[in-house]
Amino acid sequence: MSDMNLPYWKEVRNSCLDPSARDYDVSALSDTLTEVIDQVGVDKLPDCIANAVEKAVFSFDEGALLLGVASYSTDDEGACIRRVLVHWLEVGVDEIRVALALFSQDTFPFRSRAQRVPILTRIAKRFPKFADRCRYLIEASPD
């Protein structure tokens, strides 16, 4: 099934992400994302969202919001989604996926500084516009 043909993207757009609204209904968004996860699988959801951002179904900010809310809407509290986002950073070649991985989560990527520093340093060099975010994630991490 093509992620772009999911009727849920339209439902997400119409009921939860009204572009004219100042706020969004986080409960409705979470419920709708749970339905999408049931259709595509939690491991495929990040790529579905990234593809929707690439095709301008959602703005970057909306895609980041969707990933953030989805992380709190899964049975594993976002562990599978975080693994996908970390993988995107490790690969580090797709600008949209790297940006979503850097800006959609409230947590620091990678469990250790030894992992975090070289990968985020490489990302900052490859994508200079993300250098400030990478520097923040390196310097502000609790370890």
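1. Which residues are buried in helix 2? They are L29, S30, T32, L33, V36, I37 and V40. Buried means under 20% relative accessible area, exposed means over 50%, and partly exposed lies in between (1.4 Å probe, protein chains only). Helices are DSSP runs of H or I with at least four residues, numbered from the N terminus. Seen down the axis of helix 2, the buried residues fall within an arc of 165°, so they line one face of the helix. That arc is taken from the directions between the helix axis and the C-beta atoms.

2. A word on the source. This is a predicted model, in which local features need pLDDT of at least 70, side-chain atom pairs count only at pLDDT 80 or more, and totals for chains, interfaces and linings use all residues. Residues are numbered from 1 along each chain as its sequence is written, and side-chain values use heavy atoms, with hydrogens and water left out.

3. Helix 2 covers residues 26-40. Its 15 residues should span 21 Å at 1.5 Å a residue, and the end C-alpha atoms are 20 Å apart, which agrees. The expected span is 1.5 Å times one less than the number of residues. Just after helix 2 comes G41, with a positive phi of about 95°.

4. Helix 2 packs with helix 4 at an angle of about 80°. Their axes are 9 Å apart. Axes here are lines fitted to C-alpha atoms, for helices over the stretch in contact, and angles run from 0 to 180 degrees between N-to-C directions. The two helices are therefore roughly perpendicular to each other, a term for angles of 65 to 115 degrees. On helix 2 the contact is made by V26, L29, S30 and L33. On helix 4 the partners are L65, L66, V69 and A70. Contact means heavy atoms within 4.5 Å. L29, S30 and L33 also belong to the buried set of helix 2.

5. How many salt bridges are there? The count comes to six. A salt bridge is a side-chain nitrogen of Lys or Arg within 4 Å of a carboxyl oxygen of Asp or Glu. One of them joins D43 to K44, with the closest N and O atoms 3.7 Å apart. D43 is partly exposed at 41% relative accessibility. K44 is partly exposed too, at 48%.

6. Helix 8 (residues 131-139) holds both R135 and D132. They sit three residues apart, about one turn of the helix. In an α-helix, with 3.6 residues a turn, residues three or four places apart point the same way. R135 and D132 form a salt bridge, the closest N and O atoms being 2.7 Å apart. R135 is partly exposed at 41%, whereas D132 is exposed at 58%. Elsewhere, salt bridges that share partners join D47, E54, D94 and R97 into one network.

7. R97 is buried at 11%.

8. Two loop residues other than glycine have a positive phi. For A56 the angle is near 65°. A56 lies in the loop between helix 3 (45-54) and helix 4 (60-71), and is exposed with a relative accessible area of 63%. For F110 phi is near 75°. F110 lies in the loop between helix 6 (95-103) and helix 7 (113-126). F110 counts as buried, at 8% relative accessibility.

Technical notes
Angles under 35 degrees count as roughly parallel, over 145 as roughly antiparallel, 65 to 115 as roughly perpendicular and the rest as oblique.
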